[in-house]
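I opened my notebook today to look up a protein model piece by piece.

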Amino acid sequence: MQIDINKKLKQLKTDGRKIIGCFPLYPPLELFYAMDLVPVVLWGLRGTITDTVESDRHLQNYTCSVARHLTEFVLSDGNGILDGLFMYNACDTLRNLPEIIEKGSEKNGQALPLIKVHIPMVLPAQTDVAAYFKNEINHLIKELEDRFDVSFSTDKFVEAVKIISHVRNLMAQAENRVTQGHLSFLNFSAAMHECWFSTVEEQIQILESLIGKLSGEPVYSADKDNRHGVILSGILPPPSSVINSIESSGLRVVGNDIASLGRSYASMPEIREDPAAYFLDFYYQHFPCPTLLYTGDRRTTSLFHLVEKTGAAGVIFVGEKFCEYEYFEFPYLVQQLKDQGIKTLEIEIAIEDDAQTSAHNARISAFAELLKSNV
Ligand code: SF4
């Protein structure tokens with residue numbers, strides 16, 4: 001079911017909450033919650049944004065859909081809903097976006113506070129970033145206090161860390177239910193989508209309700225089910241029509257290496273009172289993602305571990321069109337998996353692919369046949 005993102009965000013405003021739109025993928029959620037802000041990561045806007053008229057005035061059409069959708073949202077529907085924007089450096093596309101959005105929102109009569117943090121993209125084992133990083137986090141806290149008339153307290157931060165850790169645990173539990181066959185990936189993905197635009201308290205309700213409904217026998221038994229397990233890898237889950245196609249073609253999703261899903265909730269740092277120490281752990285021990293350049297050396301190992309843990313027979317790479325960070329790694333990962341006898345399929349999701357996914361469906365059916373013929 002498609003959630004009404006605008007309605008959800010407007011309700012938050014009506015409830016007097018301050019909303020901070022965040023990009024890219026892994027903002028310091030705990031800090032925002034500790035300072036009475038509601039962070040909303042601006043991904044998954046496909047379906048909410050019906051055109052990119054505003055965005056197209058500023059961005060080339062060879063920019064990925066994530067950037068085009070979030071720019072459109074901030075400059076149109078999000079105008080008047082968001083109280084501020086937060087970003088850190090990731091891919092080249094996003095590095096150049098803040099100033100474009102800043103100028104665009106000024107022209108639209110809403111000068112949104114834009115708060116930036118720089119995360120050094122170096123291997124901590126080679127370069128000690130602790131002092132620089134601590135300064136960045138302290139500066140962020142000061143800026144949030146000044147801009148939003150809020151204050152930092154260690155007690156509230158520790159409380160927020162515990163709540164977010166609980167949420168990540170619930171997300172991992174829900175994913176386990178998918179792996180065990182209690183829950184379809186489609187329903188899991190829809191619930192996660194709703195979480196991205198909900199407060200942390202609402203996320204707990206959504207996830208507990210999702211997991212609670214699943215007591216009893218699995219819909220299909222992982223032992224007896226003869227459908228082949230696959231892992232999905234990419235920035236966003238594919239559109240629901242593609243997930244439907246995967247789940248109805250003799251395949252079942254047993255794990256994910258999706259940035260907005262598994263890569264987001266896999267990292268659970270130790271509870272610490274010092275935000276700088278906590279986020280140093282969070283970013284530098286993060287589950288590998290091409291947007292965190294220093295995690296590159298661990299990427300193959302983490303994907304192989306996922307394949308081994310879930311017993312997947314194949315990996316489907318869901319490429320976000322024009323996302324060079326993901327695409328640079330596909331050839332190497334595909335070859336490594338092939339060497340281990342793991343089949344792979346690459347599909348590409350473009351901005352105009354909302355309704356036209358039949359070509360993907362045909363390739364997914366062929367991939368399912370290929371896995372069957374290899375038993
Ligand atoms: S999809 Fe890729 S190119 Fe687009 S914003 Fe995300 S990381 Fe950057």
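Here are my entries, from the whole chain down to single residues.

**Ground rules**

I noted that this is a predicted model, where local features need pLDDT of at least 70, side-chain atom pairs count only at pLDDT 80 or more, and totals for chains, interfaces and linings use all residues. Residues are numbered from 1 along each chain as its sequence is written.

**Entry 1: the whole chain**

I looked up the secondary structure and found 16 helices and eight strands in the protein chain. Helices (H or I, at least four residues) and strands (E, at least two) are DSSP runs, numbered from the N terminus.

Along the principal axes, the C-alpha atoms fill a box of roughly 60 × 45 × 45 Å.

How much of the protein chain is buried? I found that buried residues make up 43% of the 375 residues. A residue is buried if 20 or more other C-beta atoms lie within 10 Å of its own, exposed if 12 or fewer, and partly exposed in between, with C-beta atoms placed from the backbone.

I also looked at contacts (C-beta atoms, placed from the backbone, within 7 Å). Of those with a separation of 6 or more, 71% join residues 24 or more positions apart.

I found an open sheet of four strands in the order 6-5-7-8, with parallel pairing. Its edge strands are strand 6 (251-258) and strand 8 (343-349), and each pairs on one side only. Neighbouring strands here are turned by 25° against each other on average, direction ignored; the axes are lines fitted to C-alpha atoms, for helices over the stretch in contact, and angles run from 0 to 180 degrees between N-to-C directions.

Strand 5 (residues 228-234) pairs with strand 6 in the parallel sense over seven bridges. Two strands pair if DSSP finds at least two bridges between them. Ser-233 stands opposite Asp-257 in strand 6.

**Entry 2: around the ligand**

Which residues are closest to the ligand? Of the 14 residues that surround the ligand, the closest are Cys-64, Val-66, Cys-91, Glu-320 and Cys-323. A residue is near a molecule or strand if its C-beta atom, placed from the backbone, lies within 6 Å of it.

Helix 4 (65-75), helix 5 (92-95) and helix 15 (324-339) each supply at least two residues of this shell. I sorted the shell into ten nonpolar, two polar and two charged residues. Ala, Val, Leu, Ile, Met, Phe, Trp, Tyr, Cys and Pro count as nonpolar, Asp, Glu, Lys and Arg as charged, and the others, Gly among them, as polar.

Most residues other than glycine have a negative phi, and most peptide bonds are trans.

A cis peptide bond joins Phe-23 and Pro-24, with omega about -5°. Pro-24 lies in the loop between strand 1 (18-23) and helix 2 (29-34).

Asp-36 has a positive phi near 60°, and its place is in the loop between helix 2 and strand 2 (37-41). Is Asp-36 partly exposed or buried? Asp-36 counts as partly exposed because it has 15 C-beta neighbours inside 10 Å.

Asp-149 also has a positive phi, about 55°, in the loop between helix 7 (130-148) and helix 8 (154-180). Asp-149 is exposed, with 9 other C-beta atoms within 10 Å.

Definitions and conventions:
Contact = placed C-beta atoms within 7 Å.
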